[in-house]
Amino acid sequence: VEVPTACAIFPKELLAWPPKSYAERLYNVTQWTEMPRGGHFAAMEQPELLITDIRKFAEVWIRHPSLQGHNNTIFVELFTDVYRDTARIIKRAITNY
């Protein structure tokens, strides 16, 4: 897979992730983050960690060489919408939990 890929590894995940070296053989891993806490329901357990990681990846992704020369505005708008929607969903989930 040539598309830039990010992996957020949470220590309390239900299943173990393969080693980074294995993931890099299959994917174009441009970001590998080993989180200090959280698990399978990371969006509810550690929303700030997850959102920060997604934002970091999005900033790198829109600068990927395959997108150079293209109008990146649509990608910036897409990720902005994703941030806003994700934050809203997480807040609602935590409030109702």
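Trainee: Is W17 buried, partly exposed or exposed?
Mentor: This is a predicted model, and the values discussed here are computed from it. Buried requires a relative accessible area under 20%, and exposed requires one over 50%. W17 has a relative accessible area of 40%, so the class for W17 is partly exposed.

Trainee: How are the rings of W17 and W32 arranged, edge-to-face, stacked or tilted?
Mentor: A search of the whole structure finds 1 aromatic pair. The ring centres of W17 and W32 are 6.1 Å apart, and their planes stand at 85°. Planes over 60 degrees apart count as edge-to-face. The arrangement of W17 and W32 is therefore edge-to-face.

Trainee: How many residues apart are the two members of that pair, and where do they lie?
Mentor: W17 is in the loop between strand 1 and helix 1, whereas W32 is in strand 2. The pair thus links distant parts of the chain, and the separation of W17 and W32 is 15 residues.

Trainee: Is W32 buried or exposed?
Mentor: The cut-off for a buried residue is a relative accessible area under 20%. W32 has a value of 17%, so W32 is buried.

Trainee: Which residues make up the largest nonpolar core?
Mentor: In soluble globular proteins, nonpolar side chains tend to be buried together. The largest such core here has 5 residues in all, W32 being one of them. Strand 1 and strand 2 are the elements that give two or more residues to this core. Its members are C7, I9, A23, V29 and W32.

Trainee: In which sense do strand 1 and strand 2 pair, parallel or antiparallel?
Mentor: Strand 1 covers residues 4–9 and strand 2 covers residues 28–34, with 6 bridges between them. P4 has N28 as its bridge partner in strand 2, and I9 has E34. The sense of the pairing is parallel.

Trainee: What is the handedness of the unit made by strand 1, helix 1 and strand 2?
Mentor: Helix 1 spans residues 20–26 and forms a β-α-β unit together with strand 1 and strand 2. Along the sequence, the whole chain follows the pattern β-α-β-α-α-α, with 4 helices and 2 strands. The β-α-β unit is right-handed.

Trainee: Which residues does I9 touch, apart from those up to four places away in sequence?
Mentor: I9 belongs to the largest nonpolar core, and its bridge partner in strand 2 is E34. Beyond the residues up to four places away, I9 touches W17, W32, T33, E34 and M35.

Trainee: Which backbone nitrogen lies 3.4 Å from a polar atom of the Q31 side chain?
Mentor: Q31 is placed in strand 2 and, at 7% relative accessibility, counts as buried. The backbone nitrogen at 3.4 Å from the side chain of Q31 is that of F57.

Trainee: Which residues does T33 touch, on the basis that residues up to four places away are not counted?
Mentor: T33 lies in strand 2. Its relative accessible area is 17%, so T33 is buried. On that basis, T33 touches C7, A8, I9 and D53.

Trainee: What distance separates the C-alpha atoms of G38 and F10?
Mentor: G38 is in the loop between strand 2 and helix 2, and at 11% relative accessibility it counts as buried. Its contacts, leaving aside neighbours within four places, are F10, P11, K12, E13, E45 and Q46. Although G38 and F10 are 28 residues apart along the chain, their C-alpha atoms are separated by 5.3 Å.

Trainee: Which residues is Y27 in contact with, leaving aside its neighbours within four places in sequence?
Mentor: Y27 is in the loop between helix 1 and strand 2, and at 40% relative accessibility it counts as partly exposed. The contacts of Y27 are V1 and T5.

Trainee: What percentage of the residues in the protein chain is buried?
Mentor: The chain has 97 residues, and Q31 is buried at 7% relative accessibility. For the chain as a whole, buried residues make up 29%.

Notes. Residues numbered from 1 in each chain as written. Predicted model: local features only at pLDDT ≥ 70, side-chain atom pairs only at ≥ 80, totals over all residues. Heavy atoms only, no water. Pairing = 2+ DSSP bridges. Right-handed = clockwise from strand over helix to strand, strands pointing away. Buried < 20%, exposed > 50% of the residue type's maximum accessible area, 1.4 Å probe, protein only. Polar contact = N/O pair within 3.5 Å; in protein donor to acceptor, adjacent residues only side chain to side chain. Contact = heavy atoms within 4.5 Å. Core = buried A, V, L, I, M, F, W, Y, C linked by side-chain atoms within 4.5 Å. Phe/Tyr/Trp six-rings, centres within 6.5 Å; stacked < 30°, edge-to-face > 60°.
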